[in-house]
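Work through the exercises below with the sequence and the model open beside you, and try each task before you read its solution.

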Amino acid sequence: MYWQKEQECLPRPELARLQLERLRATLKRVATTVPFYRNIFHQRHLDPEKITSLDDLRAYPFTLKQDLRDNYPYGLFAVPLRDVVRVHSSSGTTGAATVVGYSRGDIVTWSDLVARVLCGAGVTADDVIQIAFGYGLFTGGFGLHYGAERLGASVIPISAGNTRRQIQIMQDFKTTALVCTPSYALKMADVMMDMGINPNGLSLRYGLFGAEPWSEGMRREINERLGICATDNYGLSEVMGPGVAGECVECQGLHINEDHFYVEVLDPDTLEPVPPGEVGELVLTTLTKEAFPVIRYRTRDLTRLIPEPCPCGRTLIRMSRVLGRSDDMLIIKGVNVFPTQIEAVLFAIEGTEPHYRLVVDRENNEDRLTVMVEVVESMFFDEMKKQRAMMETIKKRLASELGIGVEVKLVEERSLERFEGKGKRVIDNRQL
Ligand code: DLL
């Protein structure tokens, strides 16, 4: 099933022509409307008029998350705010967060691309879709919502959380498609068991999961426990949000919406393209975004391209599921967390030492982050009351910085292992 058959099945030479035309237009536009791009293009003597092949893009500089932070909040917008109808932001509650904007036209494109993903995963206008992603600055809730409405499905905008209610509604409203993170889907399966509800008695048939890494093992478990067809979908706020890529029902990789995003897979160290089909970092250039175009955005997500044609008939290239990250970002309960954010909070608290360890576990399908932090000797042997007060301060500040609750453990000075060279501060015990 296709949403935009012509575009999704475009012969590749035609696709390449369209990409080149759109790439040239995008580069020209950012060169005139975004000072950040204008300046670097100028410094490097890059003239978008001279682009004659897609490979010419390789001379252009990368855009990094840091560039978005440096231009917080609106510095990289390519249209005046007057033409921006929506703003989203990636996780982080401080000034270090990144902000992205959408024009009216961007919202239409975004809805269509998410509708493609839904359609590819088997969903139709006859389905009842329960959207259990958070609604708000996170792109997951609204992104899937608009796509599902565009498709004509019946949307239940329940948002994340309150799992028992989710299940009650799923039963009463006869939900046929569930949209959330894969770990939340497993949590729902657990709670169903607690509630004595047999998933086979529900109307659920499809699950569209994304926003965090998962595995074939997790897919199998979800499919068996919920009795559904689970597909993977991928996206990131800096590029658009969900709708960048999604699996069709063949479940053999995610089709990238290449008519809207130009894809490169590069060796994260040399920044040269990897040989076809090998693992590297995904680098994306938007081809149609109006309010917030990005040029060669380094996603830090590791994947490989699958150039072989897909039996589904789409000509859009596939990427494997995300295999890891080329930086230290963690995704905890669907929220992106950088160890440096935690470090900054700890450093600002008197009595803590610059040594910490982050331990991530998954218990009952829920992520748990424990921050172990060394405290000065006097504090460690202090009264319990003082220790507890300090723990609470750390917890509170971390919760407000990260937007998720964490466990905090105070440990004795010099008790955490020291490293020579690159430290390994994160212990991720989650087995996906
Ligand atoms: O997670 C957008 C999204 C929402 C995608 C809902 C799919 C469904 P951010 O919060 O900006 O945006 O986080 C983007 O999440 O760089 C990946 O590291 C990770 N990620 C997203 N989808 C997947 C996936 C949304 N299917 C970051 N598999 C990305 C693995 C994923 N990782």
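The model is predicted, so local features are used only at pLDDT of at least 70 and side-chain atom pairs only at pLDDT 80 or more, while totals for chains, interfaces and linings use all residues. Residues are numbered from 1 along each chain as its sequence is written, and side-chain values use heavy atoms, with hydrogens and water left out.

**Exercise 1. Find the buried residues of helix H3 (residues 35-43) and work out on which side of H3 they lie.**

Step 1. Helices (H or I, at least four residues) and strands (E, at least two) are DSSP runs, numbered from the N terminus. Buried means under 20% relative accessible area, exposed over 50%, and partly exposed in between, with a 1.4 Å probe and protein chains only.

Step 2. In H3 the buried residues are Phe-36, Tyr-37, Ile-40 and Phe-41. Because they cover an arc of only 120° around the axis, they are on the same side of H3; the arc is that of the directions from the helix axis to the C-beta atoms.

Step 3. An α-helix has 3.6 residues a turn, so residues three or four places apart point the same way.

Step 4. The buried residues of H3 pack against helix H2 (12-33) and H4, whereas the face turned away from this buried side carries the exposed residues His-42 and Gln-43.

**Exercise 2. Compare the length of helix H8 (residues 182-194) with the expected span, and decide how far H8 is enclosed.**

Step 1. The expected span of a helix is 1.5 Å times one less than its number of residues. With 13 residues, H8 reaches 19 Å from its first C-alpha to its last, which is close to the 18 Å expected.

Step 2. Eleven of the 13 residues of H8 are buried, and therefore H8 is largely enclosed by the rest of the structure. Among the buried residues are Tyr-184, Leu-186, Lys-187 and Asp-190.

Step 3. The cover over these buried residues includes helix H7 (163-172), strand S5 (177-180) and strand S18 (352-363).

**Exercise 3. Locate the backbone angles of Cys-251, Arg-296 and Pro-73.**

Step 1. Most residues other than glycine have a negative phi, and most peptide bonds are trans.

Step 2. Cys-251 is not a glycine, although its phi is positive, about 55°; this residue sits in the loop between strand S8 (241-247) and strand S9 (254-256).

Step 3. Arg-296 also has a positive phi, near 45°, and lies in the loop between strand S11 (280-286) and strand S12 (297-303). With a relative accessible area of 3%, Arg-296 is buried.

Step 4. The peptide bond from Tyr-72 to Pro-73 is cis, with omega near -5°, and Pro-73 belongs to the loop between helix H4 (65-70) and S1.

**Exercise 4. State how exposed Val-87 of strand S1 (residues 84-89) is.**

Step 1. Val-87 is partly exposed, because its relative accessible area is 33%.

Notes. Contact means heavy atoms within 4.5 Å.
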